[in-house]
Amino acid sequence: MDLAPTEKVVLGSIAFSIFWVLAVFPAVPFLPIGRTAGSLLGAMLMVIFRVITPDQAYDAIDLSILGLLFGTMVVSVYLEQADMFKYLGVLLSWKSKGAKDLLCRICVVSAISSALFTNDTSCVVLTEFVLKIARQNNVPPHPFLLALASSANIGSSATSIGNPQNLVIAIQSSLSFGEFLLGLLPAMLVGVFVNALILLCMYWRLLSIEKDEEHTLDEVISEEDSASHRFSPAAMSNPTASNSQELNPVLEPLITWSSSSSNGSIIHTETLRNRVSSKQSNLQGTLSGGIELTRNSSASEEGVGGDDFPQPREEDFHYRRLAKSALNGSDEKVNVDEGDPVPVQPLEENEMSAKPWKRQLWKTRVYLVTIGMLIALLVGLNMSWTTLTAALALVVLDFKDAQPCLQKVSYSLLIFFCGMFITVDGFNSTGIPSTLWNLTEPHARINHVEGIVVLTLVILVLSNVASNVPTVILLGARVAESAAMISKGQEKRAWLILAWVSTVAGNLSLMGSAANLIVCEQARRSRFYGYTLSFWSHLKFGVPSTLIVTAIGLLLIRG
């Protein structure tokens, strides 16, 4: 395709540049509107600048990809409600034999769950478990967080439903679920093993040291005190206070001692070291004592009503609930704002808890529908309609209003895809991608080693500069067309190489994939186990891991 007229090239480049900046830096100071709005802005500019017509913009939206993405998200929501990821979290610590064993388990569980339920979903629900396990074993969490994010990316490469770019490739290439799985499974398995080996080599001494409690506390305090000084790209989209500031309002009411004296009530707050170092065996007494004293103090302040007993206050309910959550190791997030209403357990949940067999029966139905969906995908049925059918089957079998579940679907991601499809299609119409590819294509043919190296480097760079999904949309058809000139088998291999490299490229830096940012943000916001994964700690591991895993995987991919 030749270059379009100069006016169209310039305006199309401006619209695409705005989309790219907002996609990579969603909180850029001069226009902090986020990725979703940025993609819509880029799409709108393509139409306003007359780079493409409105009809061409509508045609650019791939409904099959949106349907597959929506269906996968709905199924993941029901699997989460059916405690699938809770069981995976239990599996992580079951009969563990130390920190190294835990790290290997995290790699395996993260890879498998990502291949079946998408990498983003796995990272969202497993991050809290990983932080809890690290804290329970008195080891720094960052090796485990790196294992979770990197293995999720590698594992998601094995299936067409593992990540968004694979969804795009599966639809554009017409590769079946089985072809995708067989083509990339060996590379994925070896990649996860090598990635775990790299993590063990880099953090062997750290994972081997049996830390005493005092050393662990020093590190925890250091991390919390310096959290606000570390670079975190995830914080750009939603800047908040540091972890220590977020934790203090929650912990203060629980670990504050009240004692009465002749002059009144004296409040004594323990230092951060004492708050963190309290063992769980003493925590129950501390919490119950603090709550009891808080209750007594409130009684003296508010006085006694007509009865001989003080009236319970709403915040007391919050403190008791938070204490119970902390002691039981629950992941429940509790709001302690005074203005919050007292939560009431829904009637449906009460019925479920009153009759456990109903809950178990419902969970069994969810698992059977999911297994049926995977079997249908393996036999080659249409992926979009298969996942949509499974999602609707779960809605019907749930036999109640589906709005709470459907509200958990990331509609902003679906809108982002719509805007991205239009923006990338407009940029393609300028002729710039085709011209650049024509210069690169003679050196990037996959029938010789040098060509594979050049193609791999192009995909690696573009995936980290422009994100992996736009890279796949821009390069997919061109790479496949070039490979088809060699043979039909090479065309299939080209699609698999594109899927493998664009996915593993996400491990290069913290901003390389959404899964990395999810782990970073979830860890930073964790109420009880907060930790900030820095950009440089990820880059130090990401560069060697990405290059080695990518190279080994390429040797195992066949057409």
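**Helix contacts and aromatic pairs in a predicted model**

Leucine 394 touches Val75, Tyr78, Arg365, Val366 and Val369, leaving out residues up to four places away in sequence. The model is a predicted one. Leucine 394 belongs to helix H20, which spans residues 383-398. Its relative accessibility is 2%, so leucine 394 counts as buried. One of its contacts is arginine 365. Leucine 394 and arginine 365 are 29 residues apart along the chain, and their C-alpha atoms are separated by 8.0 Å.

Val75, Tyr78 and Val366 return in the contact of two other helices. Val75 and Tyr78 in H4 are among the residues that meet H19, and Val366 is among those on the H19 side. Helix H4 covers residues 63-81 and helix H19 covers residues 356-378. Their axes come within 10 Å and cross at roughly 145°. The crossing is left-handed. On the H4 side the contact involves Val75, Tyr78, Leu79 and Gln81. On the H19 side it involves Arg359, Trp362, Val366, Tyr367, Thr370 and Met373. Seven residues of this contact are nonpolar, two are polar and one is charged.

The loop between H3 and H4 holds aspartate 62. At 22% relative accessibility, aspartate 62 is partly exposed; the buried class requires a value under 20%. Neighbours within four places in sequence set aside, aspartate 62 is in contact with Ile171 and Phe421. Aspartate 62 and isoleucine 171 lie 109 residues apart in sequence. Their C-alpha atoms are 9.1 Å apart in space.

Phe421 also has a place in an aromatic cluster. This one cluster is formed by Phe16, Phe19, Phe416, Phe417, Phe421 and Phe427. The structure holds six aromatic pairs. Phenylalanine 16 and phenylalanine 19 form one of them, with 5.9 Å centre to centre and 50° between the planes. This pair is tilted. Both residues lie in helix H1, which spans residues 6-24. They are three residues apart, about one turn of the helix. Phenylalanine 16 and phenylalanine 19 are both buried.

Phenylalanine 16 also pairs with phenylalanine 427. The ring centres are 4.1 Å apart and the planes stand at 10°, so this pair is stacked. Phenylalanine 16 lies in helix H1, whereas phenylalanine 427 lies in helix H22 (residues 411-429). The pair therefore ties together parts that are 411 residues apart in sequence. Phenylalanine 427 is buried, as is phenylalanine 16.

Glutamate 7 is placed in helix H1 too. Its relative accessibility is 60%, so glutamate 7 counts as exposed. By contrast, phenylalanine 16 and phenylalanine 19 are buried. The C-alpha atoms of glutamate 7 and valine 51 are separated by 9.1 Å. These two residues are 44 residues apart along the chain.

A further ring takes part in a contact with a charge. The charged end of lysine 100 sits over the ring of tryptophan 204. The distance from the ring centre is 4.5 Å.

Backbone angles were also examined. Most residues other than glycine have a negative phi. Arginine 50, which is not a glycine, has a positive phi of about 60°. This residue is located in the loop between helix H2 (34-48) and helix H3 (54-60). With a relative accessible area of 74%, arginine 50 is exposed. Serine 174 likewise has a positive phi, near 60°. It is found in the loop between helix H9 (164-173) and helix H10 (177-202). Serine 174 has a relative accessibility of 62% and so counts as exposed.

Across the chain, there are 28 helices and two strands. The chain has 559 residues, of which 50% count as buried.

How values were computed:
Residues numbered from 1 in each chain as written. Predicted model: local features only at pLDDT ≥ 70, side-chain atom pairs only at ≥ 80, totals over all residues. Heavy atoms only, no water. Phe/Tyr/Trp six-rings, centres within 6.5 Å; stacked < 30°, edge-to-face > 60°. Helix = DSSP H or I, 4+ residues; strand = E, 2+ residues; numbered from the N terminus. Buried < 20%, exposed > 50% of the residue type's maximum accessible area, 1.4 Å probe, protein only. Lys NZ or Arg CZ within 6 Å of the ring centre and 35° of its normal. Axes fitted to C-alpha atoms, helices over the stretch in contact; angles between N-to-C directions. Left-handed = near helix turned anticlockwise from the far one by under 90°. Contact = heavy atoms within 4.5 Å. Nonpolar A, V, L, I, M, F, W, Y, C, P; charged D, E, K, R; others polar.
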